[in-house]
Structures are given as C-alpha cells and as structure tokens.
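Hi there,

Here is the structure I promised to pass on. My notes follow below it.

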Amino acid sequence: VLRLLRPSSFNLSHHHMDTASVTKLRPRASWGHLKEEEGAADDYAKRAKPENAWDVKGDECWAKWLEDKKFSLDGWGTEEEQPRRRKRLVKKLKKKKRADVKTKVYPLHLQMQELDHLVTDGCFVLARGSLQDGHFVVDALDTPKAMRREETLVKDLLPRQCFGGSLSNERLEILESYEAHKPDGFFVILSEVCLDNDRVIDKLTDLFQGYEESQPPCAYVIMGSFCSTPFVATGDGIKSYRDSFWQLKHLLLPLSNHVRCGTRFILLPGPNDPGAQTLPQAPLPPYLTADLAQEVPNVVFATNPCRIRHFSREMVFCRHDVMRHLRRHEVLPLRETDGGPASAAHSRNESVQLIFDQAHLVPLPLEHSSILWAYDHSLRLYPLPHAVFIGGVTPPFEVGYEGARFCSVGPFCRQAEFFAYHPIKDLMEPCGVHDRAG
C-alpha cells in the first residue's frame, strides 16, 4: 500500500512521474510519552551505571540495570514507589525494542498516461510494479475498495459508539427497536442559504410555510454560507450579518406546528461565515446570530462537519467544495473506460467512490485541505455511515455506493433546490421551491 506524495516542483503537465512512500509496517509502541522517564534513566545511568553495563547498547542496557534492585533512582518517588516505576519503565523499554518502522522513498514512474478511475494526491493506493534502477515502475494503479457497513461491523468488531455520542449499546438497541414505528420521519437539507439575498428569504418563507401547513420534518439541516460575500469583522459587517439572522428568526417564530412536532433547525457554517476557515469548523457564535438559539426553540448551531443519528441511522453533513477540489489534484487525467473524455456523470461517480474508498470526507493533502490534524478523525467515514451530505457549489445529485448514500446538496441560492431524506425508508427526494405565480 502506497501513499502518493507530490513533490513541490512537480509539473502538472507531465503525469508520468511522482513520488511514493513505501512503508513496511510492523507493530509500533508509543515512545513520546517516555521522554521524561527516559531522560531521568539516562541521567542516572551516567552517574551510577553497573560495571560493564554499557557493553550492551541502548534499551537492553537500560532494561538490564533497571531490573537490578540494588540501584536507587533519585527523584523517582519514595522507596516503595520505585519498584513499581522501575517495572513499568522496563516493560515499556522492552516494547520499544520491538518497535520498528522502516520507510524508504523511491521515485515513482507511472507507465500509464491516464486512468478510468480517480486517483488524487495524498490518497492511499494499491500499486503493482517492480523496482528498476532505483525507480518503482508501476504498471497498475488502483485504490483500496470500501467495505460495506455490515461487513465492517461484523469483521472488525467495532463498537457502535465509534460514530460519536455517548449512548450505551442498550440504549442504541432500544432506539433501533422503535424506528419501525416511526418510518415517516424525514430531514430537509439545504446548502448555500445566503440570508442577505432577498430572493433566498422569499424562497425560505415559501418552504417553511409549505411544511408548516402539511407535515414538518424531524429537522432542517441548513448549511452555509449564510452571506453571499466573505464576512468582514467591522462594525458594518457585524451589523449586516446580525440583520440577516434577524430575518431568519422572524421566519421561524410563527412556525407553531414545527414547535409542536419538535422540529430541529441545525445550522452549519460555510466558507464565507465568521471563524477560522479550517475543518472542522467551529459553530457560529451567539452574538452574531441575533440570539436565534435563545428565542426560537430547537435551534442548534453545529460544527462543520456534523454527525446526526436518527434512531439507528447515521448521517454525516459537511459544507466543503470537495467535489470541485478532487479533480484539481488528480494524479493522472480521468477518462472513460473507452478512453474518451470523462463525462460529468463519470466524474461524479468516481469522486464519490474515492471519498468512500478513502473513508474520508476530504481525501487530499493537508496543505490543500486546511484540516486541523488533531481533529482529522472527525472527517473519517469508517465504518461507512448510512448517508453523507456534502454542501457546495457543485450541482445537486445523489448516488449510492457499497450500501451508503451520497448526496451533493447544491446551492439553494441559485435554483432553490434542496433534498428531503427519509432515513428509515432510505429514500432520497430532490425537491425545489417554485416561483410564486404572478
């Protein structure tokens, strides 16, 4: 298994050269947390080492003299505590001795000039080839295929809480038993809801009123950006942003039927909204949202991305233009199976497959994705959720892959298009708000 790493001087017009990191993986023990104890042991060893102790190099030496009871470790606690600490350090040192990760970098020569499937920089691939004159010559390149959710849960014995949340297995089983009695619940998903656009406000009014008079959904998931231009932290910029949410607040207050049904309004920030433009992205602060969450029931300002569990069904929502970025970072040009230029449908399907195969919402190098490495786990898709929704500027579409649903929501501010998703029925409905007559 290789991970493709493009050098900074790589010319996009020449697709036959790249660099791959070829790694032999062996069991690895964590060593960073031993630095303090290692330093103390090393310092003590220099002052009070047994005779001929340094004939044995490195960790074997430390383990040897640490096991000897006659040595006292200055500054390592009381006399009663020292045997326990000595035993723990010896155990960790012996584990470190077994840890071994060997990495070597080879120039990668790709014999193919194009592919009928998408492969991007930074993704994990399966490469078949041979070493020739210090180069790894590749004659076949593919990505590891995603596993179906059912297979993952059975074979890997993953805890059900790995999706997120703190519900016990017992409570999750109770929720699953109740979902058959409420199969009609659905979610309404919108993206690019620019509240400073009068046309968007009119469309939202018609949308909310339509569901108010019929059947309110379980929740609206509304993804930003909530302003059509990037937010500027000036007096005028803050006032304009608050005024936009003031309009939204007055749209939601009269929805008594929504309140009676317990409908939630979940809002995710977008690239033009306040805050650091990283993933994950923090929720919108209350002082910029006209106290919407305090005055309207069931309003939730969520992070981007956001995970929602509906009974036993797991859904992931993310506002990011990942569909557009994937093609910009392709290693080789994407083509149809017959060698012709890739159609829009083929490009969409391959992008979805790459996201699911890599089990990550943004399978791109860190320098091109603005991901906070400490929170990268929040973007992972393993095991596959039941549905993934990506908001962005890409036209709306939905497709299924390995038992999971993928939906590109599309911008609401253009054609007032959105999706209604029925998790229990596994039904995805493209919807739209028609223009008013006259």
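To begin with, which charged end sits over the ring of phenylalanine 397? The charged end of arginine 348 does, 5.0 Å from the ring's centre; for this, CZ of Arg or NZ of Lys must be within 6 Å of the ring centre and within 35 degrees of the ring normal.

Please note that this is a predicted model, where local features need pLDDT of at least 70, side-chain atom pairs count only at pLDDT 80 or more, and totals for chains, interfaces and linings use all residues. Residues are numbered from 1 along each chain as its sequence is written, and side-chain values use heavy atoms, with hydrogens and water left out.

The chain's average pLDDT (the predictor's confidence in each residue, from 0 to 100) is 82, and 77% of the residues score at least 70.

Now to the rings. There are 14 aromatic pairs, counted for Phe, Tyr and Trp (its six-membered ring) when centres lie within 6.5 Å; planes under 30 degrees apart are stacked, over 60 edge-to-face, the rest tilted. Phenylalanine 356 and phenylalanine 406 are edge-to-face because their planes are at 80°, with ring centres 6.0 Å apart. This pair links helix α11 with strand β14, 50 residues apart (helices, H or I, at least four residues, and strands, E, at least two, are DSSP runs numbered from the N terminus). Phenylalanine 356 is buried at 1% relative accessible area, and phenylalanine 406 at 0% (buried is under 20%, exposed over 50%, partly exposed in between; 1.4 Å probe, protein chains only).

Elsewhere, Phe186, Phe208, Tyr211, Tyr220 and Phe265 form one aromatic cluster.

Best wishes
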